[in-house]
Amino acid sequence: MNNNIDKKQEVKNICPICKSENTIKWTKRKTQNRGLIQRYKCKDCNKTFVIDDGFFRMRNHPKKITCGIDLFYRGVSTRKVQEHFKAFYPQNSSHKSIYKWVVKYADMVSNFTDKLKINSGKEIQVDEMEYHRRANTNKKGVSKDWFIDSIDCQTRFMVGSKYFKSRGKKEIREVLTKVKYKTEGYVTTITTDGLLTYENSIKKVFGYYNLKKGLIKHNRVNASKGEGFNLYIERLHNSIRERTKTFRGFHGCIESADSIMKGYSIFYNFIRKHQSIKCCPYELATDLKLNSENKWLELIQISKKN
Ligand SMILES: [Zn+2]
């Protein structure tokens with residue numbers, strides 16, 4: 001996280017048309033649900049503009065939107081969030097809008113959080129969870145999907161994860177590549193279950209040489225052979241199941257299922273306090289500092305600037 005960039009953009013409002021910093025505050029526009037919106041004027045090209053804080057052209061207040069996202073990841077269904085809003089806000093939002101907010105902002109924030117490097121411990125555990133998804137509500141077809149994820153045992157940070165249609169070589173390598181990018185220089189042990197695909201994928205991603213030299217170790221724990229369980233990832237899966245059971249399975253396309261799960265890992269890493277470490281995993285794993293109580297809002301604003 002670069003705080004210098006942050007400060008610079010806070011002071012100078014750059015013209016989106018000619019990129020000039022020579023801008024001044026202009027009029028304020030009154031909106032129905034988002035209050036007053038500051039307009040700026042560029043003294044070089046004479047155009048006026050508003051700053052996109054991540055909520056540009058949204059019809060609802062950022063507070064309401066982030067509240068909806070937060071409730072959703074705390075286990076409240078989109079229909080219940082909608083009913084709650086109906087009682088407290090004059091403008092009604094459908095449960096579909098709440099779903100759209102979740103997908104939109106999970107994608108936006110994960111574009112930023114995916115780039116963060118992790119000061120991880122030595123061991124990362126990787127595993128898969130099976131999910132069912134009704135691909136098209138008109139058809140009876142249920143697709144059997146996989147969520148492949150990984151956790152750093154020391155900071156409990158969910159390092160890399162993705163929702164896939166299968167769990168083959170390609171998919172496992174994609175997740176391992178994320179793990180390598182984020183934890184390189186720290187990680188020395190990759191722990192997996194007995195799934196054979198891991199062995200080759202780890203060699204491929206982390207390098208045959210590094211495994212041969214013992215710089216990276218593949219720790220295979222085969223539960224069916226009575227070798228125990230991978231505690232940290234099993235606990236993570238319990239938390240994920242607890243939260244995702246209210247979704248009653250996924251509906252629609254694979255991309256939105258993936259976005260929902262991206263949002264979950266943001267919730268897990270940055271929003272909710274982890275019971276064992278008594279803080280959020282990001283506080284141990286990254287240099288990022290979040291200062292406000294509404295961390296969804298803060299993360300959206302940071303993502304927009306970076
Ligand atoms: Zn300009």
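The legends below describe close-up views of a predicted model. Local features are reported at pLDDT of at least 70 and side-chain atom pairs only at pLDDT 80 or more, whereas totals for chains, interfaces and linings use all residues. Residues are numbered from 1 along each chain as its sequence is written.

**View A. The crossing of helices α3 and α4.** The axes of α3 (residues 78–88) and α4 (residues 95–113) come within 8 Å and cross at roughly 115°, the axes being lines fitted to C-alpha atoms over the stretch in contact, with angles from 0 to 180 degrees between N-to-C directions. The two helices are therefore roughly perpendicular to each other, a term that covers 65 to 115 degrees. T78, R79, V81 and Q82 of α3 meet H95, I98 and Y99 of α4, where contact requires C-beta atoms, placed from the backbone, to lie within 7 Å.

**View B. The open sheet β1-β2-β3.** Three strands in this order form an open, antiparallel sheet, with strands taken as DSSP runs of E of at least two residues and helices as runs of H or I of at least four, numbered from the N terminus. Because β1 (23–31) and β3 (48–49) stand at the edges with a single partner strand each, one side of each is left without a neighbour in the sheet. Strand β2 (residues 35–42) pairs with β3 over two bridges, pairing requiring at least two DSSP bridges, and K41 has T48 in β3 as its bridge partner.

**View C. The contact of domain 2 with domain 3.** An automatic or database assignment places domain 2 at 59–116 + 288–306 and domain 3 at 123–281. The contact takes 13 residues from domain 2 and twelve from domain 3.

Notes: Angles under 35 degrees count as roughly parallel, over 145 as roughly antiparallel, 65 to 115 as roughly perpendicular and the rest as oblique. Two residues are in contact if their C-beta atoms, placed from the backbone, lie within 7 Å.
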